[in-house]
Each structure stands twice: as structure tokens, then as C-alpha cells.
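Student: Please show me the model. I want to go through its salt bridges with you.

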Amino acid sequence: MDASRTFPLRPRSSPAARPSGVMVVLGVAVSAVLAAGWMVYSGTPAQPPSFPGAGPPRPASTGTRVATPARTYARTPALPAALPWPAAGQAAVAIAGQEGSLRTHGGPGPVPIASLAKVMTALVILRDHPLSGNAQGPSIRVDRQAAAESANRDESTVPIRQGQSFTQRQLLELMLIPSGNNAARLLARWDAGSERAFVARMNATAAELGMKDTVYTGASGYEDTTVSTAADQLRLAEQAMKNPVLRDIVATPRVTVPGVPGAIVNTNKLLALPGVVGLKTGTSSAAGAALLWAARPASGDRDRLILGVVLRQGDDGDSLAERKAAAFAASRRLITAARRSLDPGGTPDAATVDRAPATSPR
């Protein structure tokens, strides 16, 4: 502060003529200003204005440590232990990326998994030959063996002919969507030179993912000696759903591939339910019916993904169609319960309706 503005000085005169009272008042005023300045400096500083999203103002520095209030976070809903588990076989449900969320049911031993093996086949292929976006990848020629296997009636195949060429992505679609065993073996030979060499890569990847109870003996899952557990399959599913190309294919209800007649329909009828975004079906006499699935919460939160699997569904003496129906019914119940548990205040949607699939997968 400029004291001359508050206390204007009189015209210059001799020292004897200057009133002594002015000097006293001036000294008192300057002292008061300095004292006020010291009080402002040593007092509580002014706080900056608050802005949307800003935290609380920081406490004033008083020379002593001020305790900071503990920050609180919203609790992430967890899966309940009492899910509507199937009466037979194995099952597991987990939230991808959430430690401690795994829930399992049924015997712990490995069992045949049929065509769920194709998820590992696709993962290895895409690790060895990555694709991005809508890229098709290299062209692969259909060999004599893949063409001959098209006529097999005891397994799921796709009608491809020797000499035809398909892109890597198209063969992945032919393997995963209609579950073509001959497409899986063709990809394995293309990748590793032989199916046997490719299977070694599958088992190495399984070991890397911590799938301790899993053994692959073929690229398609046709062999009854390809076995795994529900918990191991969810480890695989979490990795598979991180790959955008694989994730896109398993969420595709139907596709058309030039050179293959008609529309190719996905064997996974769960894709008709709200929130379901994959994954893979599997059926055989030894495995019964298996179904690996992925679904979003009812809120549509794309940062959370529910993963689940049911193995060995159906009763002894059931037809394959009846076993498939049992796998779909068990999966729908688990999906409904899991989605509700993550959105307890949400409005039930069509996924909560337990209805039989319109058609059965191959």
C-alpha cells in the first residue's frame, strides 16, 4: 500500500515547522499496514475456486500434518456363489479381469470338450499370423485331405473343394461359425506344417495360460482324448476375447463366404439373447454337450464381460439334440443370474426368459 495516498504530505517546510503529530500518525499507519500484511501472509490463504470434477480444497498449511480423509470407491458387484448350476456335468462363471470372481461347480477332473478346442486353435493361429481390423490375411489353398473330409458324416465339416482358395479370416469363420472340423485341420497344417506340430503349439499355449488340466490331441476337438476343465476353459476364453478378430467372429450370427453355398449360420444360438457376444459350442458322444459363452451385463457396460461354460450336459441315453438343448438351457439360466447380479437394480430384459432354442447347433 502507498502511504502517501492515504496520508498526503503537507508542502515542504522547515523541520521546525513540521507538526510532530503527523509523524506519529504516519508511523502508526505504516506499522498497521505492515502488521496487516504479516497477518495476511501468516493466516489462512485464499482457496482457489472449485471446478466441476475437482476434489475438495486442500487444507491450509499450519505447520502441522493434516490427516487426509480416506478415499472411498464404489463396490463392484460380485457374482453370487449360489448360481443356478446345472444338475450334471461341470460349469464355471467369472468376470473377466476381476480377481477372485471365478465360481465353479461339478467335479474338478478334466473331461472331453469336443469343438471347444477350436477356440484354442483360433487363438494360436491369430498369435502366429495376427490380423487387424477387417484384414483378410493370406490366401490358403484347400488340399486333398480337407476336401475329402467334407464328405465325413460322423463329424461337423464345411463343403470345400480341393484347389479352392480362402483367406485366413474366411477359414477362421468356417471353423468357428459352423464348426468345420476340416477347416480347423487345414489351418493347423498351414500354420505348422502338420496337425501334430500344431497340437504341440496348442499345448504350449495352454501351459502358458496356466491351463494345468487341459490336454489337446487335435485341432478340431473331434478326438475324445482332448480334455479340459470348466475353470481352464474360462482362462482360455478370457484370452480369446482380448483378440478383436476372434471376438468379432464368435459374435457373428451368420456369414456368407464366397465359394461356400448359402448363408453360414452360427451354431451358438445364445447369440440371439441380449448381451451375448460369443463364444463356441461343442458336441460329441463322449463330451455330451459343451457351451462356452461370453455376455455383457444388462447395463450394457462394455468394460465388464461375463464368461461362462457348461460341460458334459445331458443325461445318459439322451440324443445329441437333447444334450444340446440341455446345454443351452443351463447356459441361459446362468447368463440370466449373472447379468442380474451385476445389475441388481436393473430392469429384466429378454435374456431372463428361459426358452428353448429355435434350432439346435451341429
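Tutor: This is a predicted model, and we take its salt bridges one by one.

Student: How many salt bridges does the structure hold?

Tutor: The pairs counted are a side-chain nitrogen of Lys or Arg within 4 Å of a carboxyl oxygen of Asp or Glu. By that cut-off the structure holds nine.

Student: Aspartate 143 and arginine 189 form a salt bridge. How many residues apart in sequence are the parts tied together by the pair?

Tutor: Their side chains meet at 3.0 Å, N to O. Aspartate 143 lies in the loop between strand E4 and helix H4, while arginine 189 lies in helix H6. The pair therefore ties together parts whose separation in sequence is 46 residues.

Student: Is arginine 189 buried or exposed?

Tutor: Buried means under 20% relative accessible area. Arginine 189 has 15%, so the label is buried.

Student: Which helix holds the salt-bridge partner of arginine 185?

Tutor: Arginine 185 pairs with glutamate 149, with the closest N and O atoms 3.2 Å apart. Both residues are buried. Arginine 185 sits in helix H6, so the pair reaches across 36 residues of sequence to glutamate 149 in helix H4.

Terms used: Residues numbered from 1 in each chain as written. Predicted model: local features only at pLDDT ≥ 70, side-chain atom pairs only at ≥ 80, totals over all residues. Heavy atoms only, no water. Helix = DSSP H or I, 4+ residues; strand = E, 2+ residues; numbered from the N terminus. Buried < 20%, exposed > 50% of the residue type's maximum accessible area, 1.4 Å probe, protein only.
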